[in-house]
Amino acid sequence: MRLTILGGGGFRVPLVYGALLRDHGEGRITEVRLYDVEPRRLTAVARVLADRAAGVADAPAVTVTTDLDEALRGTDFVFSAIRVGGLAGRADDERVALAEGVLGQETVGAGGIAYGLRTVPVAREIARRVAALAPGAWVINFTNPAGLVTEAMAEVLGGRVIGICDSPVGLGRRVARVLGLDPASARPDYVGLNHLGWLRGLYVAGRDELPRLFADPALLGSFEEGRLFGAEWLTTLGAVPNEYLHYYYFNRETVHAYRTAERTRGAFLREQQAAFYAESGAREELPPGAAGAAWHRTLAEREATYMAANRDAAGMGEREEADLESGGYEKVALALMRAIAHDERATLILNVRNRGTLPELDAEAVVEVVCAVDANGATPLAADPLPAHAVGLVTAVKAVERQVLRAASSGERADAVAAFALHPLVDSVAVARRLVDGYVAAHPGLGYLRG
Ligand code: G6P
Ligand code: MN
């Protein structure tokens with residue numbers, strides 16, 4: 001069984017490979033093919049993988065390539081985790097938005113729209129190459145903005161592309177932990193779009209345990225989302241929002257935190273990651289273990305500083321120890337692959353086409369909901385209706401995503417302006433117009449916008 005990773009020189013690839021190394025079961029992945037546009041990134045990551053594989057007898061073989069067609073031909077699974085424009089592009093997304101006083105986060109608000117506008121054309125082209133060269137393959141999309149990019153790829157691949165994100169998993173795990181439940185046997189009621197969803201229930205043996213959390217304000221304020229939003233706001237909502245909703249519910253505060261931070265997240269990562277790739281992708285030989293050690297060190301710092309501006313805005317200090325260990329990202333990916341490959345039924349929160357799950361959205365709209373997975377792919381499970389406030393946000397943001405998809409097809413500037421202008425976190429059409437100008441000037445990848 002072969003897995004192709006697009007963005008194979010990406011920093012999280014060793015997490016995925018680590019999960020594969022722990023899988024000794026029948027039908028497991030035996031070959032990993034890494035594709036990237038930058039050879040040095042491939043060199044660095046291949047070295048980390050080799051360090052991680054040391055001493056594992058049945059470690060999956062690793063090959064690298066900068067040829068997309070070669071990467072895809074005849075493969076069984078594709079993980080797509082690309083970053084069009086790199087981290088420099090992410091930092092520019094933030095900078096241009098902040099200059100207009102709006103949020104430039106990579107997935108939320110103006111930044112997410114800019115990132116989507118330059119990623120969608122690339123994602124569509126990849127989907128077409130997959131359809132031509134590996135028509136039986138399943139594509140697992142991690143590329144952000146994950147819901148939008150999955151929807152773009154689904155135009156070509158239908159149900160063969162499934163989007164994943166680890167933030168709902170992390171949320172479910174934290175809530176289970178404070179309630180003293182085993183996260184593996186607790187079944188979440190989670191619904192929304194990617195980075196725009198709410199945990200409304202947590203079921204164990206058919207019983208909803210979430211009311212226990214809401215009955216205890218001290219418990220409610222004791223974990224990441226509780227401290228971020230405050231117990232009082234969670235009580236008002238009657239649900240626990242995804243951490244990315246902090247950018248909506250506390251927009252003014254998060255924009256302020258981004259503006260006053262020494263560096264934005266993108267700018268910090270641009271420098272941090274450049275140092276890692278320079279060291280680990282160096283031309284000269286490295287001593288065994290050196291790349292692996294540099295990667296671990298860099299990962300620990302990246303995890304510890306995740307959403308630091310939001311935590312500053314909420315005045316909540318450091319992340320909890322248990323939240324620092326990764327696990328979500330690669331575990332969902334592996335669980336999804338195994339369920340499909342072995343026809344082992346699993347229940348996972350995934351980005352798939354709506355098909356009637358949320359009646360406010362059409363059948364093709366990609367939503368992030370609880371799904372049943374087996375050899376036929378992922379099918380959304382029936383969900384209770386969204387409350388009115390959530391309908392408002394979900395339908396508004398989906399309309400924005402549709403504008404992004406339209407702009408990427410038409411190349412019309414007016415379509416791009418509409419995407420920004422219709423976003424709930426962009427407060428003026430005039431701002432939207434200036435954002436388009438700023439992003440087109442900053443990103444060569446947006447040269448296709450005309451008019
Ligand atoms: C979470 C989000 C992902 C995001 C990741 C890394 O897991 O769900 O979408 O890519 O964090 O964030 P960072 O700021 O470290 O790039
Ligand atoms: Mn995510």
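The shell around ligand 1 is made up of six charged, four nonpolar and three polar residues. In that count Ala, Val, Leu, Ile, Met, Phe, Trp, Tyr, Cys and Pro are nonpolar, Asp, Glu, Lys and Arg are charged, and the others, Gly among them, are polar.

Before going on, some housekeeping. This is a predicted model, where local features need pLDDT of at least 70 and side-chain atom pairs count only at pLDDT 80 or more, while totals for chains, interfaces and linings use all residues. Residues are numbered from 1 along each chain as its sequence is written, chains are lettered from A and ligands numbered from 1 in the order in which they are written, and side-chain values use heavy atoms, leaving out hydrogens and water.

Back to the ligand. It is surrounded by 13 residues, and the closest are R90, N144, D166, R265 and R302; a residue is near if one of its heavy atoms lies within 4 Å. Which polar distances do we have here? The side chain of D166 has an N or O atom 2.5 Å from an oxygen atom of ligand 1. For R302, a polar side-chain atom is 2.7 Å from a ligand oxygen, and for H195 the side-chain distance to an oxygen of ligand 1 is 3.2 Å. A polar contact is a pair of N or O atoms within 3.5 Å; within protein, one must be able to donate a hydrogen and the other to accept it, and residues adjacent in sequence count only if both atoms are side-chain atoms. On its own ligand 1 has 380 Å² of accessible area, and the protein covers 88% of that. Areas come from the Shrake-Rupley method with a 1.4 Å probe, and for residues only the protein chains shown count as cover.

N144 sits in the loop between strand 5 (138-141) and helix 6 (146-157). Helices (H or I, at least four residues) and strands (E, at least two) are DSSP runs, numbered from the N terminus. A polar side-chain atom of N144 is 3.3 Å from the backbone nitrogen of A146. With a relative accessible area of 16%, N144 is buried: buried means under 20%, exposed over 50%, and partly exposed in between, with a 1.4 Å probe and protein chains only.

H195 takes us to the strands. It lies in the turn of a hairpin formed by strand 7 and strand 8, with two residues between them, and has a positive phi of about 60 degrees. Strand 7 and strand 8 (residues 196-204) pair antiparallel over seven bridges; pairing requires at least two bridges found by DSSP. P188 has L202 of strand 8 as its bridge partner. Strand 7 also runs antiparallel to strand 12 (residues 366-374), joined by two bridges, and there V191 is partnered by V369. Why is strand 7 (residues 187-193) described as largely enclosed? Because six of its seven residues are buried.

Last, the rings. The whole structure has ten aromatic pairs, meaning Phe, Tyr or Trp rings (for Trp, the six-membered one) with centres within 6.5 Å; planes under 30 degrees apart are stacked, over 60 edge-to-face, and the rest tilted. F229 and Y249 are edge-to-face, 6.0 Å centre to centre with 75 degrees between the planes. F229 belongs to helix 10 (residues 224-229) and Y249 to helix 12 (residues 246-249). F229 is buried at 4% relative accessibility, whereas Y249 is partly exposed at 22%. Separately, ring pairs link F11, F276, Y277 and W295 into a cluster.
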